[in-house]
2 protein chains.
Amino acid sequence: MTIPVADVAREARLVRGVIANLALFSGVAPGHVSTVARQSWALPVPRGAVIARRGSRLEGAFALAYGFVELALRDAHGVERGLRFVAPGQTFGEATALLGRACKYEAIALAESKLIVIPAAALFALMDHDARFARTLLMTLAQRELDLVAEIESATLHPAEQRLAGYLHSLADPGDCPAACTVRLPVSKTAIASRLDMKKETLSRLLRALVQRGLIAVKQREITLLDRARLKQIC
Amino acid sequence: MTIPVADVAREARLVRGVIANLALFSGVAPGHVSTVARQSWALPVPRGAVIARRGSRLEGAFALAYGFVELALRDAHGVERGLRFVAPGQTFGEATALLGRACKYEAIALAESKLIVIPAAALFALMDHDARFARTLLMTLAQRELDLVAEIESATLHPAEQRLAGYLHSLADPGDCPAACTVRLPVSKTAIASRLDMKKETLSRLLRALVQRGLIAVKQREITLLDRARLKQIC
DNA sequence: GGGAAGTGTTGACCTAGGTCAAAGAGCGGG
DNA sequence: CCCGCTCTTTGACCTAGGTCAACACTTCCC
């Protein structure tokens with residue numbers, strides 16, 4: 001099976017384009033971006049595919065071109081706990097790839113997706129050539145650390161209802177809507193529940209409770225925030 | 001009140017010595033270590049002191065010269081969840097200091113301690129001069145990220161007994177003792193309980209259960225692991 | 001040596017959230 | 001339009017671990 005030359009070129013442009021637009025590479029010289037892009041490649045995955053599993057080695061850090069990915073922990077009996085959703089333009093796996101360690105979590109495509117794989121070696125090389133990039137990467141990891149601490153805080157110090165209220169609140173644009181506004185859940189309620197560290201049944205019951213209190217209205221994945229002030233106050 | 005010149009010099013030597021011995025600074029040229037040390041200072045704190053509280057700005061990253069420090073989350077009503085114990089020679093607060101963000105957790109001295117404060121500016125400067133240091137710092141943050149993920153995993157996917165068994169197991173030297181060996185809890189059982197995300201009552205009950213099963217023997221803070229194999233198997 | 005504070009233990013009871021089971025709802029394909 | 005999916009809802013019940021309250025042991029300080 002041969003691949004047409006035109007497709008190879010289009011793919012290379014895609015890889016370079018996605019990398020150039022990552023927050024991680026803002027301020028990096030175009031030449032350096034191209035060097036990294038040449039070492040990277042695209043990885044198309046169908047919906048439901050397991051991109052990385054616990055214990056596997058990552059070939060590099062991942063950037064999401066399009067689609068949607070969930071990072072999740074899973075125990076031996078299939079119980080799942082979502083860690084983070086990855087949206088297009090975001091990256092994941094930097095820490096694992098840079099350390100060359102076995103992956104601690106699973107990465108699952110929640111929608112048909114295209115990923116860019118950036119080998120750790122390319123990142124190390126760029127770090128040596130561009131101190132500013134090194135600093136950006138460092139700041140990204142530092143931010144991730146704070147996010148994880150916040151995650152532990154909400155999971156252990158806040159009850160399920162507060163976590164849900166906080167999540168709903170975070171879905172809406174901050175500047176937006178003084179009164180009511182409608183948001184759309186990015187993924188299935190089952191996935192949301194796992195992300196909020198609760199079972200789907202619990203999520204369903206909590207949503208119903210909020211509806212009955214007149215705080216929200218739910219129509220499948222569309223959720224209307226009717227009283228954002230009170231919602232914020234819950235969390 | 002004046003401070004004798006000899007004391008100032010001794011203090012400066014302490015600061016430099018502690019920094020030079022940090023894993024973070026291994027491989028850094030002595031001259032660079034001195035430069036960082038000159039910008040850093042020692043901070044003695046009594047047992048029980050709050051070194052950093054939620055929302056405070058850190059003056060820099062902290063290294064522990066001697067003593068013992070606990071990093072913990074605390075909610076509005078005083079409920080505490082321990083994040084990490086910091087032993088001499090270890091550091092904390094890098095991410096918060098580098099990002100210049102408000103601190104997300106509390107740092108409390110569990111024993112009379114001496115800390116070295118290393119301003120973020122000193123770290124940034126060294127990063128620019130020493131790419132290898134930048135890489136070490138990056139790896140440290142990456143490792144911290146994986147540790148936090150492991151923390152979330154154990155807190156949400158493992159029951160309290162497994163967490164305790166895992167902790168006890170981790171206290172013993174890996175190469176050590178084929179059969180029974182005795183370890184000493186580094187801090188009060190109350191602090192251990194918070195670190196393991198359970199209440200002190202629960203810890204007490206679980207310890208008793210392990211004693212009754214003949215897995216351990218407890219004598220105040222001395223714990224004898226009688227059946228390390230079975231203990232490992234629990235977690 | 002005796003009380004006061006800090007630290008641990010124990011028992012009785014409670015509750016947030018999980019489990020299990022069954023039944024609706026959307027939805028893409030034939 | 002019906003079939004067979006996957007996703008969601010709902011009710012009945014359960015349990016790990018938290019809460020409360022009392023008491024015991026350690027320190028250590030006067």
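Q: Which helix gives the most to the surface near DNA strand D?
A: Helix H8(A) does, with six residues. This is a predicted model, in which local features need pLDDT of at least 70, side-chain atom pairs count only at pLDDT 80 or more, and totals for chains, interfaces and linings use all residues. Residues are numbered from 1 along each chain as its sequence is written, while chains are lettered from A and ligands numbered from 1 in the order in which they are written.

Q: What do "near" and "helix" stand for here?
A: A residue is near a molecule or strand if its C-beta atom, placed from the backbone, lies within 6 Å of it. Helices (H or I, at least four residues) and strands (E, at least two) are DSSP runs, numbered from the N terminus.

Q: Which residues come nearest to DNA strand D?
A: Among the 17 residues around DNA strand D, the nearest are Lys189(A), Thr190(A), Ser204(A), Pro159(B) and Thr202(B). At least two residues each come from helices H7 (189-195) and H8 (200-212) of chain A, and from helices H6 (160-171) and H8 (200-212) of chain B.

Q: How do the residues of that surface divide by class?
A: Five are nonpolar, four polar and eight charged. In this scheme Ala, Val, Leu, Ile, Met, Phe, Trp, Tyr, Cys and Pro count as nonpolar, Asp, Glu, Lys and Arg as charged, and the others, Gly among them, as polar.

Q: And DNA strand C, which residues are closest there?
A: DNA strand C is surrounded by 16 residues, and the closest are Pro159(A), Thr202(A), Ser188(B), Lys189(B) and Ser204(B). H8(B) gives the most to this surface, with six residues. By class, the surface near DNA strand C has four nonpolar, four polar and eight charged residues.

Q: Changing topic: how many residues does each chain give to the contact between A and B?
A: Chain B gives 36 residues and chain A gives 36 residues. Two residues are in contact if their C-beta atoms, placed from the backbone, lie within 7 Å.

Q: Which element has the largest share on the side of chain B?
A: H5(B) has the largest share of the side that touches chain A, with 21 residues. That side of chain B has 22 nonpolar, three polar and eleven charged residues.

Q: What rotation superposes chain B on chain A?
A: A rotation of 180° with 0.0 Å of shift along its axis does, with an RMSD of 0.0 Å. The two copies are thus related as by a two-fold rotation axis. Copies are superposed by least squares on the C-alpha atoms of residues with pLDDT of at least 70 in both. Of the interface residues of chain B, 100% are also interface residues in chain A, so the copies meet through the same surface.

Q: Back to the helices: at what angle do H6(A) and H8(A) pack?
A: The angle is about 70°, and the axes of H6(A) and H8(A) are 10 Å apart. That makes H6(A) roughly perpendicular to H8(A). Ala160(A), Glu161(A) and Leu164(A) of H6(A) make the contact with Thr202(A), Leu203(A) and Leu206(A) of H8(A). Axes are lines fitted to C-alpha atoms, for helices over the stretch in contact, and angles run from 0 to 180 degrees between N-to-C directions. Angles under 35 degrees count as roughly parallel, over 145 as roughly antiparallel, 65 to 115 as roughly perpendicular and the rest as oblique.
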